[in-house]
Amino acid sequence: MPPRMVVTIDGTVGSGKSTAAAGLAARLGAAHLDTGAMYRALTLKALDAGADLEDARALAAMAASTEIELDGTPGALRVRLDGRDVSAAIRENRVSTNSHYLARTAGVRRVLVEKQRALARRAGSIVTEGRDQGTVVFPDADVKFFLDAAPEVRARRRQLELQDRGEYKSYREVLAEIVERDRRDSTRAADPLRPAETAVRVDTSDMTVDQMVDALARIVGERAGGGTFRKEAP
Ligand code: C5P
């Protein structure tokens with residue numbers, strides 16, 4: 001078994017999780033697992049199928065019979081849903097604002113948690129990001145981070161992200177949306193968003209991307225005793 005490590009990054013919408021995870025994975029030569037992409041892919045499938053988003057059993061059954069593949073390199077992730085490339089479609093705002101239905105469904109989470117652990121077992125070292133990675137999915141991770149930033153900063157970031165994709169929304173609307181998404185993620189019964197007890201909390205409000213990746217990489221280096229890991233994913 002080669003040396004391997006598991007680094008988890010959880011946090012709020014727009015806190016920089018994806019950018020940090022991609023940058024850190026590239027820096028460490030690790031795989032990058034974007035677990036939000038999985039919830040998004042299932043949300044897209046449910047929306048396109050006109051599924052009843054309140055029907056927990058149907059959603060769980062759909063999750064169990066869906067093939068989600070993630071490949072590509074950190075920062076250029078490709079997502080396939082039952083063989084179809086949905087990398088762009090899952091980033092649409094209608095998917096963001098409806099993902100809480102799938103995310104709150106315990107049966108859906110069970111399926112995705114299993115998939116995430118299986119992917120991690122197959123990968124060597126991995127940087128995985130989401131809401132429950134340090135608390136539920138990888139409780140024995142080598143290093144756990146929890147990212148957050150001022151809501152105003154996160155709203156601006158999210159607004160720019162949408163703009164890059166040709167979706168224009170007012171700052172106030174985006175701010176209201178992210179606050180609501182975080183509220184839903186933090187208050188649901190199933191695997192809510194919260195920092196793991198041992199998570200290193202990082203406020204990214206005033207950090208550039210490089211500063212953020214540098215900070216995380218430094219902490220990983222310190223925690224890992226110079227980069228030698230031995231722990232296995234669960
Ligand atoms: O991270 P991202 O914004 O792409 O995630 C989309 C949604 O998927 C989140 O708002 C959250 O509701 C859900 N999610 C989750 N658990 C994860 C990752 C994402 O509940 N590990």
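Which side chain does a polar contact of 3.0 Å join to that of Glu129? It's Ser18, and by polar contact I mean a pair of N or O atoms within 3.5 Å; within protein, one has to be able to donate a hydrogen and the other to accept it, and residues adjacent in sequence count only if both atoms are side-chain atoms.

Quick housekeeping, folks. This is a predicted model, where local features need pLDDT of at least 70 and side-chain atom pairs count only at pLDDT 80 or more, while totals for chains, interfaces and linings use all residues. Residues are numbered from 1 along each chain as its sequence is written, and side-chain values use heavy atoms, with hydrogens and water left out.

Okay, back to Glu129. You'll find Glu129 in strand β6, residues 126–130; helices (H or I, at least four residues) and strands (E, at least two) are DSSP runs, numbered from the N terminus. The side chain of Glu129 also has a polar contact with the side chain of His32, at 2.9 Å. Buried here is under 20% relative accessible area, exposed is over 50%, and partly exposed is in between, using a 1.4 Å probe and protein chains only. A salt bridge needs a side-chain nitrogen of Lys or Arg within 4 Å of a carboxyl oxygen of Asp or Glu. Leaving out residues up to four places away in sequence, Glu129 touches several residues, among them Ile9, Ala21 and Thr35, where contact means heavy atoms within 4.5 Å.

Thr35 takes us to the ligand. A ligand nitrogen is 3.0 Å from an N or O atom in the Thr35 side chain. On the oxygen side, a ligand oxygen is 2.9 Å from an N or O atom in the side chain of Arg131, and there's a 2.7 Å distance from a ligand oxygen to an N or O atom in the side chain of Arg181. The protein covers 95% of the 450 Å² of accessible area that the ligand has on its own, with areas from the Shrake-Rupley method and a 1.4 Å probe; for residues, only the protein chains shown count as cover. There are 14 residues around the ligand, and those coming nearest include Arg109, Asp132 and Asp185; near means a heavy atom within 4 Å.

Two of those residues pair up. Arg109 and Asp132 meet in a salt bridge, 2.8 Å from N to O. That links distant parts of the chain, 23 residues apart: Arg109 is in helix α5 (106–122), and Asp132 is in the loop between β6 and α6 (133–137). Arg109 counts as buried because its relative accessibility is 3%, and Asp132 is buried too, at 1%.

Asp185 has a partner as well: Arg188, with the closest N and O atoms 2.9 Å apart in a salt bridge. Arg188 is buried at 10%, and Asp185 is buried at 8%.

Over the whole structure, the search finds 21 salt bridges. One network links Asp48, Arg84, Glu92 and Arg94.

Last, backbone. Most residues other than glycine have a negative phi. Asp82, though, has a positive phi near 45 degrees, and Asp82 sits in the loop between β4 (76–81) and β5 (84–85).
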